[in-house]
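Subject: Structure handover and findings

Hello,

Here is the structure I promised to pass on. Please open it next to this email while you read.

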Amino acid sequence: VYVKVFTNSPFLVCMDLARSGEEVIDPKYFWIGPDGRNLEGRMYVHITETGKLMVVGFKESMSGAYTCTLSHKIIETTTQEEREILEAYKFMVYAYREADHAYQVFVRFTTKECELAANGQFFEELEKILNNIISDLTCHIIESSYKCHSVKIPKEGLLHELFVSFQVNPFAPGWEEVCHQVPYDCEDVTNTRVQEARDRIGEFFKKQTYALKHEFQTVPAIHYVDNSFSVIHIDSCRPGFGKNDITHKNCASCCVVCDPGTYSPNNEVTCQICTRPRVKKYGARSC
């Protein structure tokens, strides 16, 4: 069972499907949490009279095995003799977060020649313009770079092109303050903002094509290569969480809490294995 951090878990039912279709006489339910202690009366759980368990305001530390023992009676029809039956059900419950999204963008510009000083100036100006377009979203451009290459175009001569690459990142200075205005968790808001930033940048490059065709009498020395804009999606996880599409194939796109014996100190998408696994808790950020 996967529960998004700070939300309530679904109800965990203390019986299997077959048992739920039968009458159950004198049922009693006994829930044990991941710490091995009785859950009855705990502030963060809600147990119904029919033994269903909900964990409220789920945190990564609440991950682990939840075990319910159902005791009920079977009464023999002929002798009215009573027998008590015990059945145990175990649920593995994991906290997860949505992955944080960022976008890697690739775009190309034609230039007169590769050794021009103007190439570097143009690249710096481009970066400033793009940052201005998205600054109100507390997103920014990071890991930007360009290389100049000679390109032989079919049925044309040799051209010089700037291959520009940068990442649209949602963690510009001030992003935490924006998050604090949101109750609970921030990924949904952060991801919406960076998607909007990606769309604005895409729109900016689309306008370059229009401007070149309709607004310039003389084509500028450095100009956008039509349809060269492309984007790939990059996921990252918060510390203490990672992706594992083998262990957690039912939540493959989620950042799931790191298992005991593993940890994640940064925004990578993998929980690393502790060499000396002293870590016994879920969601460890260090070994």
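Below are the findings, grouped by region.

**Ground rules**

This is a predicted model: local features need pLDDT of at least 70, side-chain atom pairs count only at pLDDT 80 or more, and totals for chains, interfaces and linings use all residues. Residues are numbered from 1 along each chain as its sequence is written, and side-chain values use heavy atoms, with hydrogens and water left out.

**Domains**

The domain assignment gives domain 1 (2-97) and domain 2 (100-236). Such bounds come from an automatic or database domain assignment. Taken over C-alpha atoms, the centres of the two domains are 52 Å apart.

**Cores**

A nonpolar core here is a set of buried Ala, Val, Leu, Ile, Met, Phe, Trp, Tyr and Cys residues joined through side-chain atoms within 4.5 Å. Buried means under 20% relative accessible area, exposed over 50%, and partly exposed in between (1.4 Å probe, protein chains only). Helices (H or I, at least four residues) and strands (E, at least two) are DSSP runs, numbered from the N terminus.

The largest nonpolar core has 31 residues. W31, L53, F58 and Y66 have the most contacts inside it. The elements that give two or more residues to this core are β2 (25-32), β4 (53-55), β5 (64-75), β6 (82-97) and β13 (255-257). The largest share, six residues, comes from β6.

Contact means heavy atoms within 4.5 Å. Not counting residues up to four places away in sequence, W31 touches L12, C14, R37, N38, L39, I47, G51, L53, Y66, T67, C68 and F91.

K4 lies in strand β1 (residues 2-4). K4 counts as buried, at 18% relative accessibility. Leaving aside its neighbours within four places in sequence, K4 is in contact with F58, Y96, E98 and D188.

F6 sits in the loop between β1 and α1 (17-20). F6 is not a glycine, yet its phi is positive, at about 75 degrees. Its relative accessibility is 30%, so F6 counts as partly exposed.

Two strands pair if DSSP finds at least two bridges between them. Strand β8 (residues 140-152) and strand β9 (residues 158-169) pair in the antiparallel sense over 11 bridges. S150 has H160 in β9 as its bridge partner. K147 stands opposite F163 in β9. β8 and β9 form a hairpin, with five residues between them. In the turn, K155 has a positive phi of about 65 degrees.

Strand β7 (residues 100-111) also runs antiparallel to β9, joined to it by nine bridges. Here Q104 stands opposite Q167 in β9.

E143 is a residue other than glycine with a positive phi, near 50 degrees. E143 is exposed, with a relative accessible area of 57%.

T111 is in strand β7. T111 is buried, with a relative accessible area of 4%. Not counting residues up to four places away in sequence, T111 touches L116, N119, C148, H160, E161, L162, A221 and I222. T111 and S286 are 175 residues apart in sequence and 48 Å apart in space, C-alpha to C-alpha.

**Helix α2**

The expected span of a helix is 1.5 Å times one less than its number of residues. Helix α2 (residues 117-134) has 18 residues and should span 26 Å; its end C-alpha atoms are 27 Å apart, which agrees.

Which residues of α2 are buried? They are N119, G120, F123, L126, L130 and I134. These residues cover an arc of only 120 degrees around the axis, which puts them on the same side of α2. The arc is that of the directions from the helix axis to the C-beta atoms. On the other side of α2, A117, Q121, E124 and N132 are exposed.

**G261**

G261 is found in the loop between β13 and β14 (262-263). G261 counts as buried, at 11% relative accessibility. The C-alpha atoms of G261 and C271 are separated by 9.5 Å, and the two residues are 10 residues apart along the chain.

Best regards
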